[in-house]
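Subject: Handing over the structure

Hi,

Here is the structure I promised to pass on.

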Amino acid sequence: MARQAAGDDERNAVIASVSGRVAAVSPDGAVVEVGGIGLAVQCTPGTIARLQVGEGARLSTSLVVREDSLTLYGFADDDERQLFELLQTANGVGPRLAQAVLAIHPPREVRRAVSMADVKALMQVPGIGKKGAERLILELRDRLGTTTTDTQLDGAATGGLPSVTPVAPWRDQLSSALVGLGWTSKEADGAVAELAPFADEQIVATGSVEVAVLLRQALRMLGRP
C-alpha cells in the first residue's frame, strides 16, 4: 500500500497543469501544444466547449499511469482535478467513472450530493447505480469537504434551503461543443434540434442524458467520423 501511495503522489506531481495553444479538439478531448509538443488531454464535454482551436488555454491535469498506457486528464480548474483524484479513492471508481461524474455534475453539486446523501443525483451518472451511489456517499462523505460559506449565503437567499448550481442544459453544452469544434451556430442548432427527441427519451427513461454520446451522434450527422 505504501508503494501504491507513493506512486500516486508521483503521478499527481508529474503534470499538474498544461498551458499552450489548442491545436485540436475532439469529442473526447483536446491536443494542447506545450514547448513544441502536442499533449493529448482527455476532457469532459463542458471543458471541451470552452476550448477554441488556435487559442491559448490552461488546463489542470492529472496523469493516470497504467502498465500499458499513460493518459492525461484535463479539467477547467484545480478544484475539478482534485475532486477527480479524490473520487478515485472510492472502491470501484476508476478515472473514466470519475470523469463521468464531473461531466454530469460540477464539483459543488458532487459535494452537495455526497454530504446530503442524494442518491438520485449520483445515479444520474452513467455507470453508477443505487449501490454504487450509496457506497460513494459512505466512503467520501468525510473526505470531500463542504462549501460552508456558499451554503450559508444560499440559505439566507432561499429561506434556509441551500441552492445548487445547475448543470448547463444539454442543448447549451452540445451547441457550445459543436461551435468549439468548428461548426457554425446554425449547424450546431440544427444538430441539437434533430437530437432533441432522442435526448428527451433518454431523460424520461433514465433521468439524464450523456452529452458525450450526443456529441458523437451530432458529429456523425454533420459528416465528421
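R58, D78 and R81 are tied together in a network of salt bridges. Before you read too much into any of this, bear in mind that the model is predicted. D78 has a relative accessibility of 32%, so it counts as partly exposed. R81 comes out at 14%, and with the limit for buried set at under 20%, R81 is therefore buried.

How many salt bridges are there by this rule? The count comes to 7. Here are two others from the chain:

- R21 and E33 join side chains at 3.1 Å, N to O. This pair links distant parts of the chain, with R21 in strand β1 (residues 17–25) and E33 in strand β2 (residues 29–34), 12 residues apart. R21 is partly exposed at 36% relative accessible area, and E33 is partly exposed as well, at 34%.
- D200 forms a salt bridge with R171, where the closest N and O atoms are 3.8 Å apart. This one also links distant parts of the chain: D200 belongs to helix α10 and R171 to helix α9, 29 residues apart. D200 has a relative accessible area of 34%, which makes it partly exposed, and R171 is partly exposed at 37%.

Now for the overall picture. The chain holds 11 helices and 5 strands. Of its 225 residues, 40% are buried. If you take the contacts with a separation of 6 or more, 55% of them are between residues 24 or more positions apart.

Back to α3, since it has a helix partner to look at. Two packed helices are described by the angle between their axes and the distance between the axes. For α3 (residues 78–87) and α7 (residues 130–144), the axes come within 11 Å and cross at roughly 140 degrees. Are they parallel, antiparallel, perpendicular or oblique to each other? Roughly antiparallel would need an angle over 145 degrees, so α3 and α7 are oblique. The crossing of α3 past α7 is right-handed. Where they touch, L83, L86 and L87 in α3 meet L140, R143 and L144 in α7. Those contact residues divide into 5 nonpolar, no polar and 1 charged.

Next along is V93, in the loop between α3 and α4. V93 has 11% relative accessibility, so it counts as buried even though it sits in a loop. What does V93 contact, leaving aside its neighbours within four places in sequence? The answer is L87, Q88, A98 and L136.

Then comes helix α4 (residues 95–104), which is mostly covered, with 8 of its 10 residues buried. The buried ones are P95, L97, A98, Q99, A100, V101, L102 and I104. What covers them includes β3 (37–42), β4 (56–66), β5 (69–75), α3 and α5 (107–115).

S175 is in helix α9 and is buried, with a relative accessible area of 16%. Not counting residues up to four places away in sequence, S175 touches A188, D189 and V192. Helix α11 (residues 211–221) has V211, A212, L214, L215, Q217, A218 and L219 as its buried residues. They pack against α2 (45–48), α9 (170–180) and α10 (185–206). Just after α11, G223 takes a positive phi of about 95 degrees.

Cheers

Terms used:
Residues are numbered from 1 along each chain as its sequence is written. This is a predicted model: local features need pLDDT of at least 70, side-chain atom pairs count only at pLDDT 80 or more; totals for chains, interfaces and linings use all residues. Side-chain values use heavy atoms; hydrogens and water are left out. Buried means under 20% relative accessible area, exposed over 50%, partly exposed in between (1.4 Å probe, protein chains only). Helices (H or I, at least four residues) and strands (E, at least two) are DSSP runs, numbered from the N terminus. Contact means heavy atoms within 4.5 Å. Axes are lines fitted to C-alpha atoms, for helices over the stretch in contact, and angles run from 0 to 180 degrees between N-to-C directions. Angles under 35 degrees count as roughly parallel, over 145 as roughly antiparallel, 65 to 115 as roughly perpendicular and the rest as oblique. A crossing is left-handed if the near helix is turned anticlockwise from the far one by less than a right angle, and right-handed if clockwise. Ala, Val, Leu, Ile, Met, Phe, Trp, Tyr, Cys and Pro count as nonpolar, Asp, Glu, Lys and Arg as charged, and the others, Gly among them, as polar. A salt bridge is a side-chain nitrogen of Lys or Arg within 4 Å of a carboxyl oxygen of Asp or Glu.
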